[in-house]
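Visitor: Could you take me through this structure, please? I would like to begin with the strands and then turn to the charged pairs.

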Amino acid sequence: MRLAIVKEDPSVEPRVGGTPDTVRRYIGLGAEVVVASGAGLASGI
């Protein structure tokens with residue numbers, strides 16, 4: 001399974017779809033995780 005964490009639009013949504021902890025958990029479960037450059041900046045992660 002491949003999961004993608006997209007970059008949020010700070011004018012609409014400051015939250016991000018994945019944290020470093022959740023990404024580690026997904027990888028531990030066997031998923032391939034792709035994180036967009038800049039994802040999490042508006043959320044402070």
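Predicted model: local features only at pLDDT ≥ 70, side-chain atom pairs only at ≥ 80, totals over all residues.

Visitor: How many bridges join S1 to S2, and do the strands run parallel or antiparallel?
Guide: Strand S1 (residues 2-5) and strand S2 (residues 32-35) run parallel and are joined by 4 bridges. Two strands pair if DSSP finds at least two bridges between them; helices (H or I, at least four residues) and strands (E, at least two) are DSSP runs, numbered from the N terminus.

Visitor: Which residue in S2 is the bridge partner of Ile5?
Guide: Ile5 has Val35 as its bridge partner in S2. From S1 the chain crosses through helix H1 (residues 20-28) to S2, a β-α-β crossover that is right-handed. That term means that, with the strands pointing away from the viewer, the path from the first strand over the helix to the second runs clockwise.

Visitor: Now the charges. How many salt bridges does the structure hold?
Guide: There are 3 salt bridges, each being a side-chain nitrogen of Lys or Arg within 4 Å of a carboxyl oxygen of Asp or Glu. In one of them, Glu32 pairs with Arg2, and the closest N and O atoms are 3.5 Å apart.

Visitor: What does the pair of Glu32 and Arg2 tie together?
Guide: Glu32 lies in strand S2 and Arg2 in strand S1, so the pair ties together parts that are 30 residues apart in sequence. Arg2 is exposed at 61% relative accessibility, and Glu32 is partly exposed at 41%. Buried means under 20% relative accessible area, exposed over 50%, and partly exposed in between (1.4 Å probe, protein chains only).

Visitor: Which residue does Asp21 meet in a salt bridge?
Guide: Asp21 meets Arg25, at 3.0 Å from N to O. Both lie in helix H1, 4 residues apart, about one turn of the helix.

Visitor: And Glu13?
Guide: Glu13 forms a salt bridge with Arg15 (2.8 Å, N to O).

Visitor: A change of topic: where is Ala42 placed, and what does it touch?
Guide: Ala42 is in the segment after S2. Not counting residues up to four places away in sequence, Ala42 touches Glu8, Pro10 and Pro14, where contact means heavy atoms within 4.5 Å.

How values were computed: Residues numbered from 1 in each chain as written. Heavy atoms only, no water.
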